Amino acid sequence: MSTLKILKYPQKGLREIAPIVTQFDDALRQTVKEMFEKMYADQGCGLAATQLGLSLRLFVMDTSPQQNQPICIINPEIISKEGESISEEGCLSFPGVYARVMRATKVTVNYQDEFGQPQTMTADGLTSHCIQHESEHLDGVLFIDHFSKLKRMMMLKKLEKVQKAAAAE
Ligand code: NI
């Protein structure tokens, strides 16, 4: 079983900028496998390496309803964005906190798979929002950054409450 631990805000590491992945070896693929295990175990639809304290420019995601379509995105570069839409988001680094975030409706992303092969994906809906949310993690940007100071304070208060309740369990 994986020993990976998800960093919770405001733990150090969440603001790190992840360096480009250059080694596409078995060790990398093992890490990716463990990231998927962790993401599924915690019922997330996306998980970025920076959320685990790993200095790797990659994230895993699965936005399918049955959670049976794992996609690993390495060295992502969003090359086009279209439209705007609002969707409710959570983040495994902010347990219990949800907020409606405005993002591009449709994105096209260039990336590499776990074998280093170049890939391109165009996505909309939940997948598009997920790609944008997770790509931001790799630059140390968090979803709370999309909001006003007041709204952010409310979200952090909620996070504190959830964490206190979890600690008391
Ligand atoms: Ni997140």
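Glu-82 is found in strand E3, where helices (H or I, at least four residues) and strands (E, at least two) are DSSP runs that are numbered from the N terminus. The structure is a predicted model, in which local features need pLDDT of at least 70 and side-chain atom pairs count only at pLDDT 80 or more, while totals for chains, interfaces and linings use all residues. Residues are numbered from 1 along each chain as its sequence is written, and side-chain values use heavy atoms, with hydrogens and water left out.

### The sheet and its helices

Strand E3 belongs to an open sheet of five strands, whose order is E1-E2-E3-E6-E7 and whose pairing is antiparallel; two strands are said to pair if DSSP finds at least two bridges between them. At the edges stand strand E1 (46-48) and strand E7 (118-124), each of which pairs on one side only. From one strand to the next, the twist averages 40 degrees. Strands of a sheet pair through backbone hydrogen bonds, and they can do so in a parallel or an antiparallel way.

Strand E2 (residues 58-61) is joined to strand E3 (residues 71-82) by four bridges in the antiparallel sense. Within this pair, Phe-59 stands opposite Ile-73 of E3, and Leu-58 has Ile-74 of E3 as its bridge partner. Strands E3 and E6 also run antiparallel, joined by six bridges, and here Glu-77 has Asn-110 in E6 as its bridge partner.

Which strands does helix H1 touch? Helix H1 (residues 26-41) packs on the sheet and touches E1, E2 and E3, and its direction makes about 45 degrees with that of E2. Such angles run from 0 to 180 degrees between N-to-C directions, and the axes are lines fitted to C-alpha atoms, for helices over the stretch in contact. Helix H2 (residues 125-137) lies across E1, E2, E3, strand E6 (106-112) and E7, and runs at about 125 degrees to E7.

### The nickel ion

The protein donors of the nickel ion are Cys-91 (SG), His-133 (NE2) and His-137 (NE2), which lie 2.1 to 2.2 Å from the ion. Donors are N, O and S atoms within 2.8 Å of the metal (3.2 Å for Na, K and Ca), and sites may look incomplete because water is not among the atoms. Along the chain, the donors follow the spacing C-x41-H-x3-H. Cys-91 lies in the loop between strand E4 (85-89) and strand E5 (99-103), whereas His-133 is in helix H2, so the pair ties together parts that are 42 residues apart in sequence. Cys-91 and His-133 are both buried.

| Residue | Relative accessible area | Class |
|---|---|---|
| Asp-62 | 0% | buried |
| Cys-72 | 5% | buried |
| Ser-135 | 12% | buried |
| Cys-45 | 29% | partly exposed |
| Glu-82 | 46% | partly exposed |

Glu-82 is in contact (heavy atoms within 4.5 Å) with Ala-104, Thr-105 and Lys-106, when neighbours within four places in sequence are left aside. The C-alpha atoms of Glu-82 and Lys-106 are separated by 5.0 Å, although these residues are 24 residues apart along the chain.

Asp-62 has its place in the loop between E2 and E3. Not counting residues up to four places away in sequence, Asp-62 touches Met-39, Tyr-40, Cys-45, Gln-67, Asn-68, Gln-69 and Pro-70. A polar contact is a pair of N or O atoms within 3.5 Å; within protein, one must be able to donate a hydrogen and the other to accept it, and residues adjacent in sequence count only if both atoms are side-chain atoms. One of 2.7 Å joins the side chains of Asp-62 and Ser-64, and a polar atom of the Asp-62 side chain also lies 3.1 Å from the backbone nitrogen of Asn-68.

Ser-135 lies in helix H2, where a polar atom of its side chain is 2.8 Å from the backbone oxygen of Ile-131. Leaving aside its neighbours within four places in sequence, Ser-135 is in contact with Phe-59, Pro-76 and Ile-78.

How many disulfides does the structure hold? The structure holds zero disulfides, a disulfide being a pair of cysteine sulfur atoms within 2.5 Å. Cys-45 is in no disulfide, and the nearest cysteine sulfur, that of Cys-130, is 4.3 Å away. For Cys-72, the closest cysteine sulfur is likewise in Cys-130, and the separation of 12 Å is too far for a bond.

Technical notes: Buried < 20%, exposed > 50% of the residue type's maximum accessible area, 1.4 Å probe, protein only.
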